[in-house]
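The paragraphs below go through the charged side chains of one model and how they pair.

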Amino acid sequence: MAGARSRNFAGWPLFANSFRPFFLLAAIQAALSILVWLPMFHGELSVSSAFAPRDWHVHEMLYGFLPAVITGFLFTAIPNWTGRLPIQGRPLGALLMVWLAGRIVVTVSANIGWAFALIVDAAFLALIVAAATREIIAGGNWRNLPVVGLVFALLAGNIAFHVEAHYQGAADVSIRVGIGVVILLIALIGGRIIPSFTRNWLVKFNPGRLPVPFGRFDGAVIGCSALALVSWIVAPSNAATGVLMALVGGLHLLRLARWAGDRTFRERLLVILHVGYVFVPFGFILHALAVLGVLPPSAGIHAWMAGAAGTMTLAVMTRASLGHTGQALTASPAIQGIYAAIVIAALARVAAVVSPAHGDVLLHIAACGWIVAFLGFAIAFGPLLAGSRWRALATMGVPAPAR
């Protein structure tokens with residue numbers, strides 16, 4: 001029923017599915033935010049935000065870009081979970097306008113007031129939580145309510161970010177809250193889709209050893225991850241936090257090994273999901289080393305945000321955009337270039353922390369890789385998401401069928 005309504009949508013194709021506008025605009029915002037951040041970092045540019053420059057950068061990545069991607073994924077998945085009709089047309093356009101308004105008010109909040117900016121900015125995630133909860137409860141799909149619970153935690157973190165930045169002069173705890181929620185979302189959702197997609201492909205193209213499906217072990221790993229992340233949020237430098245981080249990093253490596261990623265190298269659309277997930281245990285281990293004083297804490301943060309979040313979002317965005325528009329689920333040369341750019345960006349960003357002597361060069365490599373990856377997605381997939389199908393296929397290096 002939901003699919004029929006989606007197919008019969010008579011308006012602009014951009015608003016036929018939630019992934020279309022949110023993936024496209026999230027990619028553009030991700031690229032432009034880093035393009036602005038580089039000169040801000042060097043003191044060559046400023047914005048009229050009530051946030052300090054670093055906080056503006058962190059907020060727009062953590063509470064601006066990522067919620068848009070989460071929304072695109074969530075409201076594409078919910079009709080499949082519940083069998084209910086998707087959000088389309090004007091309601092979808094209204095959600096997009098609220099998200100865009102949040103990006104504007106945060107950037108000019110020094111002129112309009114931090115409290116007003118908070119209300120407008122927080123309204124987006126509040127609407128997402130309300131709409132998602134309504135759909136899941138109405139569809140009787142209780143097993144996916146934890147996902148909405150994590151989005152609610154992200155909303156709480158966003159509100160806390162504004163309050164903390166105003167009263168403390170800089171955000172700190174609320175940044176860790178947001179990062180912790182994002183990692184748990186990746187662990188929960190990635191733990192379901194990665195083995196599922198891998199199994200489907202292996203059964204068809206490379207029979208043999210298959211991934212272990214989501215089970216009690218995965219639930220235990222996510223529970224331990226939540227405990228470690230709460231400890232990190234409350235006491236990031238505590239020895240117990242370091243022990244928990246090291247333990248959980250090992251558990252995630254074991255979890256990843258159970259998914260048969262080594263058997264998927266023929267299909268980059270699958271490999272990138274496994275590569276993106278590698279950054280989850282990598283981040284936990286780097287945080288454990290930070291507690292020991294071996295590395296700065298930001299190494300683990302960038303492994304999680306540039307690595308896990310950046311790579312996994314592009315992996316999901318490319319796959320969902322192809323699959324939900326009827327394209328072949330395979331990575332074209334352009335898509336493989338996007339993947340290469342984001343992995344280079346993530347590794348360079350972590351290396352910039354580990355090797356401060358080369359930090360400036362590595363920072364610019366990371367920024368360029370990030371911009372190329374997300375702007376590349378917008379250019380390659382923009383026409384497809386907006387409705388110009390054959391022109392998009394040509395852009396991605398796929399020949400259009402004869403008419």
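Buried means under 20% relative accessible area, exposed over 50%, and partly exposed in between (1.4 Å probe, protein chains only). The model is predicted, so local features need pLDDT of at least 70 and side-chain atom pairs count only at pLDDT 80 or more, while totals for chains, interfaces and linings use all residues. Residues are numbered from 1 along each chain as its sequence is written, and side-chain values use heavy atoms, with hydrogens and water left out.

Side chains of opposite charge can pair when their charged atoms come close. With a salt bridge taken as a side-chain nitrogen of Lys or Arg within 4 Å of a carboxyl oxygen of Asp or Glu, the whole structure holds eight. In one of them, D55 meets R54, with the closest N and O atoms 2.5 Å apart. D55 is buried at 1% relative accessibility, whereas R54 is partly exposed at 42%. E135 and R134 form another, at 2.9 Å from N to O; E135 is buried at 5% and R134 partly exposed at 48%.

D262 and R209 are also bridged, their closest N and O atoms being 2.6 Å apart. D262 lies in the loop between α10 (239-257) and α11 (268-291) and R209 in the loop between α8 (173-205) and α9 (216-234), so the pair ties together parts 53 residues apart in sequence. Helices here are DSSP runs (H or I, at least four residues), numbered from the N terminus.

E164, in helix α7 (residues 145-168), is buried without a salt bridge, and the nearest side chain of opposite charge, R176, is 6.9 Å away.

How values were computed
Helix = DSSP H or I, 4+ residues; strand = E, 2+ residues; numbered from the N terminus. Lys, Arg positive; Asp, Glu negative; His and termini not counted.
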